[in-house]
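Biologist: I am new to this one and would like to learn how to read it. Could we go through it together?

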Amino acid sequence: MARLEILEFPDPRLRTVAQPVKHFDAALAQLVRDMFETMYAAPGIGLAATQVNVHQRILICDVSEDHDQPLALVNPRILALDGAQTYQEGCLSVPSIFADIDRALMVTVEAEDIEGKTFTLKASDLLAVCIQHEMDHLQGKLFVDYLSPLKREMVRRKLDKRHRQAATA
């Protein structure tokens with residue numbers, strides 16, 4: 001297994017719209033394993049393939065405290081949204097930044113597993129937030145896009161400053 005590089009905002013590759021997965025093979029299974037290793041090491045609870053510069057419709061999540069409920073969704077699509085919740089979100093591609101984001105409380109998703117078998121999942125609370133957040137990534141959208149332009153620019157400047165400091169350290 002290998003840890004993958006996580007792209008960080010404002011990297012333009014994060015804006016790429018992911019394409020459907022067409023080949024369910026050993027390479028896909030390996031990518032998903034590598035994504036889980038990367039996500040757990042970060043540490044995070046969700047990761048979209050777009051964030052690791054693979055522009056295919058793949059997302060993974062594990063919102064369990066013991067990291068023992070891995071979930072991979074290939075070619076996910078939302079069938080239904082219900083209710084509303086505000087959740088303080090963060091993102092591995094926007095490190096150390098958190099903001100309250102309004103999302104649906106419940107989501108019904110149809111997806112395929114890594115073998116290409118279709119399934120339907122109903123999720124609520126944190127898992128619903130995580131799935132919606134990662135699906136945004138597959139559309140080239142980041143949680144900072146829900147912020148005002150002023151707040152988004154402040155986030156960009158903060159991350160730019162952090163990158164400059166890391167480069168001179």
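Biologist: Which residue of β7 stands opposite E112?

Modeller: In general, strands of a sheet pair through backbone hydrogen bonds, either parallel or antiparallel. Here T118 in β7 is the one opposite E112. Strand β6 (residues 106-112) and β7 run antiparallel, joined by 7 bridges. Two strands pair if DSSP finds at least two bridges between them, and strands (E, at least two residues) and helices (H or I, at least four) are DSSP runs numbered from the N terminus. A word on the source: this is a predicted model, where local features need pLDDT of at least 70 and side-chain atom pairs count only at pLDDT 80 or more, while totals for chains, interfaces and linings use all residues. Residues are numbered from 1 along each chain as its sequence is written, and side-chain values use heavy atoms, with hydrogens and water left out.

Biologist: In what order do the 5 strands of the open sheet come?

Modeller: The order is β1-β2-β3-β6-β7, with antiparallel pairing. β1 (46-48) and β7 (118-124) are the edge strands, each pairing on one side only. From one strand to the next, the twist averages 40°.

Biologist: Which strands does helix α1 lie across?

Modeller: Angles run from 0 to 180 degrees between N-to-C directions, and axes are lines fitted to C-alpha atoms, for helices over the stretch in contact; contact means heavy atoms within 4.5 Å. Helix α1 (residues 26-41) lies across β1, β2 (58-61) and β3 (71-82), at about 40° to β2. α2 lies across β1, β2, β3, β6 and β7, and runs at about 155° to β2.

Biologist: How many salt bridges does the structure hold?

Modeller: A salt bridge is a side-chain nitrogen of Lys or Arg within 4 Å of a carboxyl oxygen of Asp or Glu. The structure holds 10. One of them joins D145 and R15, whose closest N and O atoms are 2.5 Å apart. D145 is in the loop between α2 and α3 (149-168) and R15 is in the segment before α1, so the pair ties together parts 130 residues apart in sequence.

Biologist: Where are P10 and P43?

Modeller: P10 is in the segment before α1, and a cis peptide bond with omega of about 15° joins F9 to P10. P43 is in the loop between α1 and β1; a cis peptide bond joins A42 to P43, with omega about -10°.

Biologist: What is the phi of N75?

Modeller: Phi is near 55° for N75, a positive value in a residue other than glycine. N75 is in strand β3.
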